[in-house]
Amino acid sequence: MNKKQENIVLRTENLSIGYQTRKSKIVVAKDISLELKQKNLITVLGRNGIGKSTFLRTVAKVQNPLNGSVLINEKKIELYSNKEISKLLSLVLTERLPESQLTVYELVALGRQPYTNWIDKLSEIDNEKISTAIKQTEIEHLQQKYFYELSDGQLQRVLIARALAQDTDIIILDEPTAHLDLHHTLKIFTLLKKLVDETSKTIIISTHQVNLALQFSDSIVLFKDNEVLSGSVDELNKTQALDNLFPNQIIKYNSNFKQFVIKRN
């Protein structure tokens with residue numbers, strides 16, 4: 001394996017994503033060939049309904065690809081068992097949690113399920129991983145609260161802590177700031193970038209917070225109407241890939257500021 005391949009943690013080859021019905025395939029996006037590097041904060045950008053969440057669910061083995069391949073560490077994802085995948089990749093989706101009486105500590109502890117024995121008894125190592133995850137996300141003061149008592153911003157940190165406790169090289173989050181105000185959105189982006197820098201994990205998120213993504217991301221996966229591109233912000237700037245991401249009647253992309261700005265007459 002050459003040095004370039006060693007830095008690639010997740011790769012797709014001619015990937016088509018979507019849904020299979022009894023009568024037909026519904027293709028959301030196709031011909032996706034990407035190489036995502038380890039130890040990066042990677043954001044998936046694009047307009048509503050273009051396939052960002054479907055892409056994340058496909059590369060996480062939650063749903064099957066319609067065509068093509070997903071490879072983690074150069075091994076096709078279908079060759080991994082579900083237990084093996086759970087030790088390589090953790091996933092935080094936007095679905096609401098079911099009602100329960102779990103405390104924050106107990107919810108974070110669920111991240112250790114791939115490692116616990118058949119009676120789900122936590123080992124010393126499990127408890128160390130849980131405590132480290134709680135410290136990394138700065139939620140020590142919430143440990144004994146019930147999760148339903150938390151604000152949306154607090155709960156998002158708890159879910160990130162659960163993913164950290166799972167101790168995987170890749171963490172995938174679908175719209176982690178969807179229900180947050182600007183202040184807490186910025187805090188989550190800051191936390192995720194800090195975690196990448198401090199833990200060397202690869203974190204992949206989808207988001208509609210385009211300007212923050214452009215500021216914080218090491219790499220972008222850009223869903224457009226007829227293609228999916230990837231690269232750093234500087235690389236995408238060189239090809240003007242961001243210029244027509246959205247209709248330009250209201251906003252336009254400013255490549256000098258690396259931001260979308262309001263278009264003034």
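Me: Leaving aside neighbours within four places in sequence, which residues is S100 in contact with?
Reply: This is a predicted model, where local features need pLDDT of at least 70, side-chain atom pairs count only at pLDDT 80 or more, and totals for chains, interfaces and linings use all residues. Residues are numbered from 1 along each chain as its sequence is written, and side-chain values use heavy atoms, with hydrogens and water left out. Contact means heavy atoms within 4.5 Å. By that rule, S100 touches F147 and Y148.

Me: Where does S100 lie?
Reply: Helices (H or I, at least four residues) and strands (E, at least two) are DSSP runs, numbered from the N terminus. S100 is in the loop between β6 and α4.

Me: What is the relative accessible area of S100?
Reply: Buried means under 20% relative accessible area, exposed over 50%, partly exposed in between (1.4 Å probe, protein chains only). S100 is partly exposed, at 25%.

Me: How far apart in space are S100 and Y146, C-alpha to C-alpha?
Reply: In sequence they are 46 residues apart. In space, the C-alpha to C-alpha distance of S100 and Y146 is 8.8 Å.

Me: Why should helix α6 span 20 Å?
Reply: The expected span is 1.5 Å times one less than the number of residues. Helix α6 has 14 residues, 152-165. Its end C-alpha atoms agree with the expectation, because they are apart by 20 Å.

Me: How many residues of α6 are buried?
Reply: α6 is mostly covered. Its cover includes β6 (89-92), α5 (124-136) and α7 (182-199). Among the buried residues are G153, L155 and R157.
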